[in-house]
Amino acid sequence: MLRKHLLLFLILGMAMHFTIAQTGSVSGVVTDKRTQEALIGSTVVLQGTNYGSLTGINGEFTIENVPSGSYTLKVSYIGFSTLEQSVTIGSGNLNVGTLYIEEEAIGLEEVQVFASVVEERKSPIAITTFNAQDLDERFNNVSLAEAIQNTPGVYTIQGNGGYGDQEVYIRGFDQSNVAFLVNGIPVNDMENGRMFWSNFAGLNQVTRTTQVQRGLGASKLAVSSIGGTVNMITKPSDRSEGGRIEYQLGTGAWNNRLRFTYNTGESSNGWAFSFQGTRTTTSTSRDGLSSIAPGQGPITPGAFVDAWSYYVSLSKQINNKHQVMFWAFGAPFNRGSAFAVDEATAATFGIEGQIGNNALGIYRGELFNARQNKVHKPLTALTHYWDLDEKTNITTSVYYSNARVYSVQPRDAEAPVFLNERDSSDIGTIFTTDNLINWDYLADQNRQDGRQVTVPFPNGDVNTPSVTGFNSQYYLESRHNNHNWIGVVSNFTKQIGNVRLRSGIDLRFYRGEHFAEVFDLLGGDFIINENRFENEYNLLDSENAIARNGDKTNYWYDGIVNWYSFFTQAEYTLNKLDVFGSATLTFSDMQRVGYFWAEGDPSFDNFYFNSLGKSEKRNFTTYTLKAGANYRISGRHNVFANAGFFTRPPFLSNAFVDARYSNEYRIGLKEEKVLSSEIGYGFKTSFLKVNVNAYYLQWRDRTTESRTAPSDNQGMSIQNVPDVQLSLTGLVSTHQGLEIDFEYNPVSNLELTGFVSLGDWTWTDVPPQSVNGPNGNPVFVDLQEDMEGLPVGTSPQTTAGLGFHYTGVRSTYMGARLNYADKIPLRWNPDDIANNFVEREDILNNEFGDYYTVDFYAGRYFDLSDDISGRISVSIQNLFDQNYVRWASYFFDQVQPGIGFPRTYTIGLSLDF
């Protein structure tokens, strides 16, 4: 028996020795078939096993300690077709040589070049890129605005919690000072520079690549990239036929999402077409309100959503020199938004750490939200790519945007703010015990005997009989912000030796239409078309003007902006050195066209009586100068530096004393000036990447919005002025900071990421002001000691993040990310101090505490047949259900905190065919 056991152990030992000895490795290089460039970070695996590797700096890979046998070598890289090759591995190394893979999307490289998407380690700017797989796996359930906050210096707030309410801040600058581009086309509002994510809800579902360029950015256009540039590349048509259907269920700003995608693939004659359509809705409410009105929003009460989005892409390869591409995107939707709950209201109604809505109430037995939006802003573009020869090309894109947008606001005809104070004595009449507005009670108040009036010759027509009816004190007003915008961007590129020259034009023609209408009279018959001071909104309608549902009221004007920009850029590459320089010259003009002859406040007759017709056209000439250099010390180390100086015109919304009511330009209007510099260091191997960069930026001659100041202004040299329009110019802010990020792959199937951002953003100079006073006379205002040294508001000056992404289990991925924020100042603007809406102590004493959130996600791919595959995914946001303040503003002596979402989840199922 012992001999048998010894013989068995001897046989097993020999078998184990033979098995261990029979291992080998496989190596090779992965290269872009079209450009012949190495593809760093490609995934190379032996299908059906856990053996794999990532390609290094030169595209090389090696998979070691592989048991001998036959395998399928699978190579994948985002944006490229997957390559599969049979290999047989023995006891040595199998070198498969160079593996060429081809771009999957038609024209993707051309779009990215046109849009100034740049490559790490070759461009002297700080960048973070999110590819299609990142967006599909790690951020599948969140908006694009929330995904990019996992970047140094970037912070996203959820607004008041409605669908599309996000705002993005980069290095302390709000969205009006960050350039947002879709396929290289600017989409910031031409009148105020803002990015309204609600107009682009659903963009994350059609985006293939998003690159955040902090600081000056690589765009050749004269864009407002003071804080940075967010460049979004949509999905071009794919080369292969197929599609996807996906359903997601969850909580957050929406509950249900159904998405359908189909690609025809490239036909034999060069045509390709892609379509994606998405439907997003809410289902049930929270906090016991679902029994009152199902379908009114899951997290923020009343924040329902009924949204569609669509995207089409059509491309044609005419010949080897010409290609055309058409794409269109739109996201029509209805939604409910919210008014934040201030501290006094929270105390009165016992609201603790919950998301509330001061616009929500009960009307005719149903839950009713007075803050609603209806949006449709389609964007279409036609692009022509022309390769004159191997070193010369011209790319031209013509685009058109047609926005139809309105939001609904509650109004009190006799007060500046609708229901500003919520006193406990009003519970049972105006409010319910849980802070819901009793709209039926307000409608009854509109029909009290004292509200019944007789208006002779309404609207000045002597042939119209007198009108008798109830004059509503409380009503809803819809505010419309429509526009028509057409633009052309053309780019000429020429390669001469080691120098690449680019030049072109950026032309924009924009007309915005702004007006208010009576949306709902809440039981009344009309309103008197005048403000609370009994001054007429429109003297053309006489002093007896009334407005019924659908009639224009309050204001009506157009804003016109024309933009003519010329740009040039030179890039020089020699061995380890990359240098670039660019310049733009822009001629722009703005004009206001008023359709109401507003009477306004008697103190400002010169301003408000000058509200009708065309304003003077104001012209500006501005320029941009940028330069930078990147030096690759070795294959692992690089350093870069950049600097720039540019000027830009003030926004139209800030250029007038009051754009809604006046054609009068502000005194002291200047071009704003920005000086920026940055240095950085990068370290990269096949498994570790680290970036460190420091920046300094000074912004001079900043301009703020204008508001009417009360008569009791403090700390200001104003004499005998009952009311004054304070709109500040010449302000200076300084932004400086340090950013660090890393990516570490200890093994091929585990990725660890992290970042830290330390900022110091303050107002450093507030010169004495000369502002428009009554009858057009200048008024002296000294604000210097009130603002200097105060932090720039809203965005935290310290942020950090950690994350991991694991793919070690076959066909499965999982990951988590932690985001941390600290030193969050109150949301405020310099004009808030100037107008006595907030004081220095309010800002300094209301910095919010730090917080962190953890998000988790996971998914598993599966095959149903040779032609149908699928994926099940899940994600959980705010995993530990932290209660935190994401941002806060100060309004009428009360802090209004923006409470972050509690724990939410999303579950998804998709099928690819």
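Which residues are linked in a network of salt bridges?

A: Asp136, Arg244, Glu246, Arg259, Arg871 and Asp912 are linked in such a network. A salt bridge here is a side-chain nitrogen of Lys or Arg within 4 Å of a carboxyl oxygen of Asp or Glu. The idea behind it is simple: side chains of opposite charge can pair when their charged atoms come close.

First, a word on the model. It is predicted, so local features need pLDDT of at least 70 and side-chain atom pairs count only at pLDDT 80 or more, while totals for chains, interfaces and linings use all residues. Residues are numbered from 1 along each chain as its sequence is written, and side-chain values use heavy atoms, with hydrogens and water left out.

The structure holds 27 salt bridges in total. Take Arg171 and Glu678, one of these pairs. Their N to O distance is 2.9 Å. Arg171 sits in the loop between strand S10 (167–170) and strand S11 (178–182). Glu678 belongs to strand S38 (residues 672–684). That puts the partners 507 residues apart, so this pair links distant parts of the chain. Strands (E, at least two residues) and helices (H or I, at least four) are DSSP runs, numbered from the N terminus.

Are these two partners buried or exposed? Buried means under 20% relative accessible area, exposed means over 50%, and partly exposed lies in between (1.4 Å probe, protein chains only). Arg171 is buried, at 3%. Glu678 is buried too, also at 3%.

Next come Asp506 and Arg508. The closest N and O atoms of their salt bridge are 2.7 Å apart. Both residues are buried.

Now look at Glu743 and Lys689. Their closest N and O atoms lie 3.8 Å apart. Glu743 is in strand S42 (residues 731–747), and Lys689 is in strand S39 (residues 688–702). The pair therefore ties together parts that are 54 residues apart in sequence. Glu743 is partly exposed, with 25% relative accessible area. Lys689 is buried, with 17%.

What about the nonpolar side chains? A nonpolar core is a set of buried Ala, Val, Leu, Ile, Met, Phe, Trp, Tyr and Cys residues joined through side-chain atoms within 4.5 Å. The largest one has 57 residues. Val168, Phe180, Trp197, Leu203, Met232, Trp327 and Phe329 have the most contacts inside it. Contact means heavy atoms within 4.5 Å. Beyond its neighbours within four places in sequence, Val168 touches several residues, among them Ala145, Ile148, Tyr155, Phe173, Phe180 and Trp197.

Finally, step back to the whole chain. It has 11 helices and 52 strands. Of its 913 residues, 55% count as buried. Among contacts with a separation of 6 or more, 70% come from residues 24 or more positions apart. The chain exposes about 37,300 Å², and carbon and sulfur atoms supply 53% of that area. Such areas come from the Shrake-Rupley method with a 1.4 Å probe; for residues, only the protein chains shown count as cover.
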